[in-house]
Amino acid sequence: MTTPSAVPVVHAYPDLGPMVVSARERLPGTEIVVIPDEAAFAEVIGDVEVLFTFRPPTGQWAAADALRLIQMTGAGVDSVLPAPDLAEHVTICNAVGIHLPEMAEFVLGMVLSLHLGVPKLVDQQRAHDWSWVLHPALAGRRAVILGTGKIGAGCAELLRAVGLRVDGVSRSGSPTEGFDRVVTVDRRMEVLEDADIVVVLVPLTPDTVGLVGRDELAVLASGSQLVDVSRGGIVDHDALRWALREGPLAAAALDVFDPEPLPAHDPMWDEPNVLITPHIAALSSDYFDRLVGVLVDNVERLRDGRPLINVIDRGRGY
Ligand code: OXD
């Protein structure tokens, strides 16, 4: 390992535009260098001490001799992990803590939009069709949130505010404030059975790939809906199309895909009763400012030898 510098240089990959400008203003005395592309990444990785990034190139960590901190720009760290070639002493931090209230507002907005039949109403408007789309009250129905961390709890609070009962699924199954009931992942069928709304919020790890498949979708209540704001790969899209066409699902709002952007030929674009958004559930005009705040905080902590915030447990993957 090379000797760490007192004031680490921060490298941003790729060019994170206004965030770099803001980081320079808020970290006077710290050099912030932009790595524009993958070729440049390979050239400089040996000198990088702090990396500020969303999707870094893979397979190059063995050369990252000076690296101390990877500060991710979002909650998910699936674009880095697993990283067997990344030295153990490198800390990975995420940006959890800056997603609320906007992400919960987004989830509530999608739940209401699907419940009110907005995709169908928009189609009708385009066709100049004045037909009623009627729906029962949302209050009194039951939602299940897969993932009961900070963001899940924020979503639960808003869903409860419109009269929903909210159950949760988490790794530990521990009772969590804001949830009526929480079960472990292996008991998820107990809460999914007859659920009216499913919100997917778990991180993408080897354990969660395909977590929501045909079995999980088949037991939902007739006329149910699914909102996916997690990562592509957690909800099985073949199973989802089956559940929308032949199973109990009435509608879905999908913000995340694998790959992204969703390719133009993907059949999901044309699926009736599906709302597609371009991975924006957490984003608001304030997100980037808060994100720079997390970077600034962690760089100052690193410089002062204080504990970092939002440290990822590499074994768990979040
Ligand atoms: C995140 C995201 O990981 O927005 O935070 O996808």
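1. Charge. Lys and Arg count as positive here and Asp and Glu as negative, while His and the chain ends are not counted. Each charge is placed at NZ of Lys, CZ of Arg, CG of Asp or CD of Glu. On that basis the chain has 25 positive and 44 negative side chains. The centres of the two sets lie 5 Å apart.

2. What the model is. This is a predicted model: local features need pLDDT of at least 70, side-chain atom pairs count only at pLDDT 80 or more, and totals for chains, interfaces and linings use all residues. Residues are numbered from 1 along each chain as its sequence is written, and side-chain values use heavy atoms, leaving out hydrogens and water.

3. Overall build. The chain holds nine helices and twelve strands. Helices (H or I, at least four residues) and strands (E, at least two) are DSSP runs, numbered from the N terminus. The radius of gyration is 21 Å, close to the 20 Å that the globule rule gives for 318 residues, so the chain is as compact as a globular protein of that length. That radius is taken over C-alpha atoms, and the rule is 2.2 Å times the number of residues to the power 0.38. The C-alpha trace spans about 65 × 45 × 30 Å along its principal axes.

4. Burial. Of the 318 residues, 50% count as buried. Buried means under 20% relative accessible area, exposed over 50%, and partly exposed in between (1.4 Å probe, protein chains only).

5. Strand 9. Look at residues 197-200. I197 and V199 point one way, V198 and V200 the other, and all are buried. In a regular strand the side chains alternate between the two faces of the sheet.

6. Its neighbours. Two strands pair if DSSP finds at least two bridges between them. Strand 6 (residues 142-146) pairs with strand 9 in the parallel sense over four bridges. There, I145 stands opposite V199. Strand 10 (residues 224-228) also pairs with strand 9 in the parallel sense, over four bridges. The bridge partner of V198 in strand 10 is L226.

7. Cis bonds. The peptide bond from L100 to P101 is cis, with omega near 5°. P101 sits in the loop between strand 5 (91-93) and helix 3 (102-115). E260 and P261 are also joined by a cis bond, with omega about -5°. P261 is in the loop between strand 11 (249-254) and strand 12 (274-276).

8. Positive phi. N273 is not a glycine, yet its phi is about 65°. This residue is found in the loop between strand 11 and strand 12. N273 is partly exposed, at 31% relative accessible area.
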